Amino acid sequence: MFQEIDPQTTSRAEAFALWMKAPMPMVTLFKTLRVGRLRRLSRRKGLKFNMLMCYCIGRAASQVREFYLLPVDGRLLQYDALAVNTIVANAKGEVSSCDVPFSDDVARFNADYLRLTRQVALSCRNHDLEERMVIGTSALVGCDIDGAVGMYSGIFNNPFLIWGRCRRQWFRTSLRISFQFHHTQMDGAHAARFLELLQAEINTLTLK
C-alpha cells in the first residue's frame, strides 16, 4: 500500500523543492560488483543468477528508508512494501515487464519470480504491482558493457539498475552495474550506501 505524504514533514523537503520540477532530476552511479559467490550459488543450487541479483537488490534496498518514497506527478508517495522488476523475453520474441514482490524469504521470492516471469513470458502481458515501490532492473546478459544511463521520460521516476555480462579475470568474477535514481527520492550518499549494502548482501548470501 501507499499514501501521499507532505514532503515538508520528511527529510526530503529541500530535495523536493529543488528537484521535483527539474528538467533532468535523475542521477546515475556506476559500480563494479564482485559476484563470484552468486555465480557459484546459482550453479550449485540450480537457481537463476538474475533472480539472486534481484533478491539481493531487494534486501539492500529494504535497509534504506528512502527507497520507500517515490516522487510521482508532483507528489511524494510513501510505500510500505517493495518489488523488484525484471525484463522478460516473451513468446512473441519481444520483451515484457514483470514486477516481483520482494520477500525476505529467498525461497518465496524465487517461487514468485519463476511463476510470474513464466506467466509474463507466455501471456506477453506486463505484470505491474502498483501498490509497491518498484525497483527496475534490466539485465543485458548478452552484452559486454561498461555501463548505461537510462532514459528519463518524466513518467517513471523509479530507481533503475542495468547490468550486462559478468566478467571473469583469474579467480574473480565481476559485474559492472549502473544505478539511476531520482534526486528527489534520495541523495548520492543514500545511493552509494545502497550499492555498498548490495555488495554486502552478495558477499553474505546463504541458501539452505
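Colleague: Why is R65 called exposed?

Modeller: In this predicted model, R65 has a relative accessibility of 61%, and exposed begins over 50%, so R65 counts as exposed.

Colleague: What makes the pairing of R65 with E66 a salt bridge?

Modeller: The closest N and O atoms of R65 and E66 are 3.5 Å apart, and a side-chain nitrogen of Arg within 4 Å of a carboxyl oxygen of Glu is what the term requires, so the pair qualifies as a salt bridge. E66 itself counts as buried, because its relative accessibility is 5% and the limit for that class is under 20%.

Colleague: How many salt bridges does the structure hold, and where do R115 and D112 lie?

Modeller: There are nine salt bridges in the structure. One of them links R115 with D112, whose closest N and O atoms are 3.1 Å apart, and both residues lie in helix α4 (residues 106-123), three residues apart, which is about one turn of the helix. An α-helix has 3.6 residues a turn, so residues three or four places apart point the same way. D112, at 12% relative accessibility, counts as buried, whereas R115, with a relative accessible area of 46%, is partly exposed.

Colleague: Why is N110 called buried, and which residues does N110 touch?

Modeller: N110, which lies in helix α4, has a relative accessibility of 15%, and since the limit is under 20%, N110 counts as buried. Leaving out residues up to four places away in sequence, N110 touches L47 and M51.

Colleague: How do you know that the length of α5 agrees with what its residues should span?

Modeller: At 1.5 Å a residue, the 17 residues of α5 should span 24 Å, and the end C-alpha atoms of α5 are 24 Å apart, so the two values agree. Among the buried residues of α5 are A191, F194, L195, L198 and E201, and the buried residues of this helix pack against β2 (26-34), α2 (36-45), α3, β8 (160-163) and β10.

Colleague: Which residues have the most contacts inside the largest nonpolar core?

Modeller: That core has 51 residues, and those with the most contacts inside it are M53, F67, L161, F179, F194 and L198. Its largest share, ten residues, comes from helix α3 (residues 49-61). Apart from this core lies another, of five residues, including I5, F16, L69 and L76. When neighbours within four places in sequence are set aside, L198 is in contact with L33, C56, I57, A60, L161 and I177.

Colleague: What makes Q185 count as buried or exposed?

Modeller: Q185 has a relative accessible area of 0%, and as the limit for buried is under 20%, Q185 is buried. Q185 sits in the loop between β10 (172-182) and α5 (188-204), and the side chain of Q185 reaches the backbone oxygen of L69 at 2.6 Å. Beyond its neighbours within four places in sequence, the contacts of Q185 include R12, E66, F67, L69, M133 and N157. From Q185 to F67 the separation is 118 residues in sequence, but 7.3 Å in space, C-alpha to C-alpha.

Colleague: How do you know how compact the protein chain is?

Modeller: The chain comes to five helices and ten strands. Its radius of gyration is 17 Å, close to the 17 Å that the globule rule gives for 208 residues, so the chain is as compact as a globular protein of that length. The C-alpha atoms fill a box of roughly 50 × 40 × 30 Å along the principal axes, and 48% of the 208 residues count as buried. Of the contacts with a separation of 6 or more, 70% are between residues 24 or more positions apart.

Key: Residues numbered from 1 in each chain as written. Predicted model: local features only at pLDDT ≥ 70, side-chain atom pairs only at ≥ 80, totals over all residues. Heavy atoms only, no water. Core = buried A, V, L, I, M, F, W, Y, C linked by side-chain atoms within 4.5 Å. Buried < 20%, exposed > 50% of the residue type's maximum accessible area, 1.4 Å probe, protein only. Helix = DSSP H or I, 4+ residues; strand = E, 2+ residues; numbered from the N terminus. Contact = heavy atoms within 4.5 Å. Polar contact = N/O pair within 3.5 Å; in protein donor to acceptor, adjacent residues only side chain to side chain. Expected span 1.5 Å × (residues − 1). Rg over C-alpha atoms; globule rule 2.2 N^0.38 Å.
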